[in-house]
Amino acid sequence: MPPRKRRSYTAEYKVEAAHRVIDSDRTIAEVARELGIDAGMLSVWVKDERRRIAAAEVHGDKPLEPAERAELQRLRRQVAELEKDNAFLVKASAYFAAMQKKPHGSI
């Protein structure tokens, strides 16, 4: 059997995976199969998220609604894409600045 690959997950991924269970009538096992992750690991994420929700309610805070979480994820993806675009523009700008300094005909 090949060795298992060790993967790390972002906090956002863990919360979203947990809410796939919390916000639906599906079981942890069903969602874990769908996501291709270990059910025990997802179970820990669900427990952690339920604790965070309960702690927030004690302080009068409401957790994000599914639509709000979806919008937050969309905005995070958009920011990540803009950061990639900015990094490309910085590199391209440096390249063109270096090319302008070279004499004509040299590469």
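Modeller: Happy to! Keep in mind that this model is predicted. Let's start with a helix pair: helix 2 (residues 28-35) packs against helix 3 (residues 39-58) with the axes 9 Å apart and an angle of about 115°. Their crossing is right-handed.

Biologist: How do you know that helix 2 and helix 3 meet, and which residues are involved?

Modeller: Contact means heavy atoms within 4.5 Å. On the helix 2 side Ile28, Ala29, Val31 and Ala32 take part, and they meet Ala39, Leu42, Ser43 and Val46 of helix 3. By class, that contact holds seven nonpolar residues, one polar and no charged ones.

Biologist: Thanks! What makes helix 1 and helix 3 roughly perpendicular?

Modeller: The label covers angles of 65 to 115 degrees. Helix 1 (residues 11-22) and helix 3 cross at roughly 85°, and their axes come within 8 Å. The angle falls inside that range, so the two helices are called roughly perpendicular to each other.

Biologist: Which residues bring helix 1 and helix 3 together?

Modeller: From helix 1 come Tyr13, Lys14, Val15, Ala17, Ala18, His19, Val21 and Ile22. Their partners in helix 3 are Leu42, Trp45, Val46, Glu49, Arg50, Arg52 and Ile53. Sorted by class, the contact has 10 nonpolar, one polar and four charged residues.

Biologist: Now to a single side chain. Why is arginine 69 called buried?

Modeller: Buried means under 20% relative accessible area. Arginine 69 has 9%, which is under that cut-off, so the residue counts as buried. You will find arginine 69 in helix 4 (residues 66-101).

Biologist: What is arginine 69 in contact with, beyond its neighbours within four places in sequence?

Modeller: Those partners are Val15, Glu16, His19, Asp23 and Leu64. Take valine 15: 54 residues separate it from arginine 69 in sequence, while the C-alpha to C-alpha separation in space is 9.5 Å.

Biologist: What share of the contacts between residues at least 6 apart in sequence joins residues at least 24 apart?

Modeller: That share is 56%.

Conventions
Residues are numbered from 1 along each chain as its sequence is written. This is a predicted model: local features need pLDDT of at least 70, side-chain atom pairs count only at pLDDT 80 or more; totals for chains, interfaces and linings use all residues. Side-chain values use heavy atoms; hydrogens and water are left out. Axes are lines fitted to C-alpha atoms, for helices over the stretch in contact, and angles run from 0 to 180 degrees between N-to-C directions. Helices (H or I, at least four residues) and strands (E, at least two) are DSSP runs, numbered from the N terminus. A crossing is left-handed if the near helix is turned anticlockwise from the far one by less than a right angle, and right-handed if clockwise. Ala, Val, Leu, Ile, Met, Phe, Trp, Tyr, Cys and Pro count as nonpolar, Asp, Glu, Lys and Arg as charged, and the others, Gly among them, as polar. Angles under 35 degrees count as roughly parallel, over 145 as roughly antiparallel, 65 to 115 as roughly perpendicular and the rest as oblique. Buried means under 20% relative accessible area, exposed over 50%, partly exposed in between (1.4 Å probe, protein chains only).
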